[in-house]
Amino acid sequence: MSAATTPPGAGRPGLTPPSDAAAPVRHPDAPAPGELLGAHYDQCFGCGDSQPHGLHLAARAGEGVSVTAEFTVQPAHQGAPGLAHGGVLVSALDETLGSLSWLLRVIAVTGRLETDFVRPVPVGATLHLSARCTAVAGRKIYSSAEGRIGGPEGPVAVRADALFIEVKLDHFTANGRPEEIRAAMDDPDQVKVARAFEVNP
Ligand SMILES: CCCCCCCC/C=C\CCCCCCCC(=O)SCCNC(=O)CCNC(=O)[C@H](O)C(C)(C)COP(=O)(O)OP(=O)(O)OC[C@H]1O[C@@H](n2cnc3c(N)ncnc32)[C@H](O)[C@@H]1OP(=O)(O)O
């Protein structure tokens, strides 16, 4: 079977949903389609507004459990002359996939992320990303994403399949460096974001 006809995650260890997986359910309080999601943490490398070295990726809610996002490759993101570094492109995919959490209203972290690099992405290009959740099995959240260049309907440059794992807030409070955790807990806007994800007991 060619890559073009392979279903998302098929044949990739850990990325194929089990047979008893359920279809993802959009949370009733999820942001409306078209709504900007904003940053989950202002220092986040992927989406943080206060992170000078970051991607400043802006994601919007889509229909169902899907999102779209845009990221413009800057000179600081180069791997080869005039071309984006592959790891930066993976970060953009990871961030876009992670933002599906806003629609499910669960906190989840990346367990596995497998990427195909299909076309080189030049500096200055805008990567038009889209991601959708394909299945949920207990704490395991399966999703796929792609990034196109030259416009939202342009050729695919990168694509990925992922497994995210649902975690509780203590994943961060128990593992993060204490000074950043303290600062986050003292920031009412950050506490509000954390609460927004905490609806599922
Ligand atoms: C006021 C306080 C402020 C807090 C602010 C919070 C707000 C934040 C809001 C939103 C944040 C979102 C941030 C998104 C950022 C973008 C996404 C990232 O880049 S996240 C960073 C990269 N990822 C990691 O650092 C994970 C590191 N890994 C771990 O911590 C663990 O390994 C973890 C949690 C992923 C799993 O550990 P376990 O002990 O909880 O669970 P086990 O039992 O190992 O796995 C559960 C199931 O998943 C499968 N699984 C786990 N990892 C797998 C893998 N790599 N491949 C395949 N299967 C895997 C296992 O086989 C198991 O499956 P079976 O239930 O037995 O069927």
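**Exercise 1.** Locate A32 and decide whether A32 is buried or exposed.

Solution. Next apply the burial scale, on which a residue is buried if 20 or more other C-beta atoms lie within 10 Å of its own, exposed if 12 or fewer, and partly exposed in between, with C-beta atoms placed from the backbone. A32 counts as exposed because it has 7 C-beta neighbours inside 10 Å. Finally, compare sequence with space: A32 and A61 are 29 residues apart in sequence, and their C-alpha atoms are 6.4 Å apart.

Two conventions apply to every exercise: residues are numbered from 1 along each chain as its sequence is written. Because this is a predicted model, local features need pLDDT of at least 70 and side-chain atom pairs count only at pLDDT 80 or more, whereas totals for chains, interfaces and linings use all residues.

**Exercise 2.** State what confidence the predictor assigns to the chain.

Solution. On the pLDDT scale, the predictor's confidence in each residue from 0 to 100, the chain has a mean of 93, and 92% of its residues reach 70 or more. The model also scores ipTM 0.96 and pTM 0.94.

**Exercise 3.** Find which residues A92 touches, and relate A92 to the largest nonpolar core.

Solution. A92 is found in helix α1 and counts as buried because it has 26 C-beta neighbours inside 10 Å. Contact is taken as C-beta atoms, placed from the backbone, within 7 Å; not counting residues up to four places away in sequence, A92 touches L55, L57, F71, L127, L129 and G147. F45 is 47 residues from A92 in sequence, with 9.5 Å between the two C-alpha atoms.

The next step is the core itself, a nonpolar core being a set of buried Ala, Val, Leu, Ile, Met, Phe, Trp, Tyr and Cys residues joined through C-beta atoms within 7 Å. The largest one has 43 residues, of which A92, L93, L97, L100, L127 and L129 touch the most other members. Two or more residues come from each of β1 (58-61), β2 (66-72), α1, α2 (101-104), β6 (126-137), β7 (140-149) and β8, and β8 gives the most, with 6 residues. For L97, the contacts beyond four places in sequence are A131, S143, A145, A160, A162 and F164.

**Exercise 4.** Describe the shell around the ligand by naming which element gives the most to it.

Solution. Counting a residue as near when its C-beta atom, placed from the backbone, lies within 6 Å of the molecule, there are 28 residues around the ligand, and G14, G98, V109, G111 and R112 come nearest. The elements that give two or more residues to this shell are α1 (86-98), β5 (108-117), β8 (156-166), α3 (170-175), α4 (178-185) and α5 (188-197). Among these elements, α5 gives the most, with 5 residues.

**Exercise 5.** Determine where V118 is found and which residues it is in contact with.

Solution. V118 is found in the loop between β5 and β6, and it is partly exposed because 16 other C-beta atoms lie within 10 Å. Leaving aside neighbours within four places in sequence, V118 is in contact with V156, A157, V158 and R159.

**Exercise 6.** Examine the backbone of H56 and R105, asking what phi each residue has.

Solution. H56, in the segment before β1, has a positive phi of about 55 degrees although it is not a glycine. R105, in the loop between α2 and β5, is likewise a residue other than glycine with a positive phi, near 60 degrees. H56 is partly exposed because it has 17 C-beta neighbours inside 10 Å, and R105 is partly exposed with 17 other C-beta atoms within 10 Å.

**Exercise 7.** Say where UniProt places the thioesterase domain, and examine G82.

Solution. The unreviewed UniProt entry places the feature "domain: Thioesterase" at residues 82-150; UniProt positions are given in the numbering used here, feature names are shortened, and annotations may be inferred rather than shown by experiment. The span is 25% helix and 49% strand, and its end C-alpha atoms lie 16 Å apart. G82 itself is in the loop between β3 (78-80) and β4 (83-84) and is exposed, with 12 other C-beta atoms within 10 Å. Not counting residues up to four places away in sequence, G82 touches P122 and V123.

Terms used:
Helix = DSSP H or I, 4+ residues; strand = E, 2+ residues; numbered from the N terminus. Contact = placed C-beta atoms within 7 Å.
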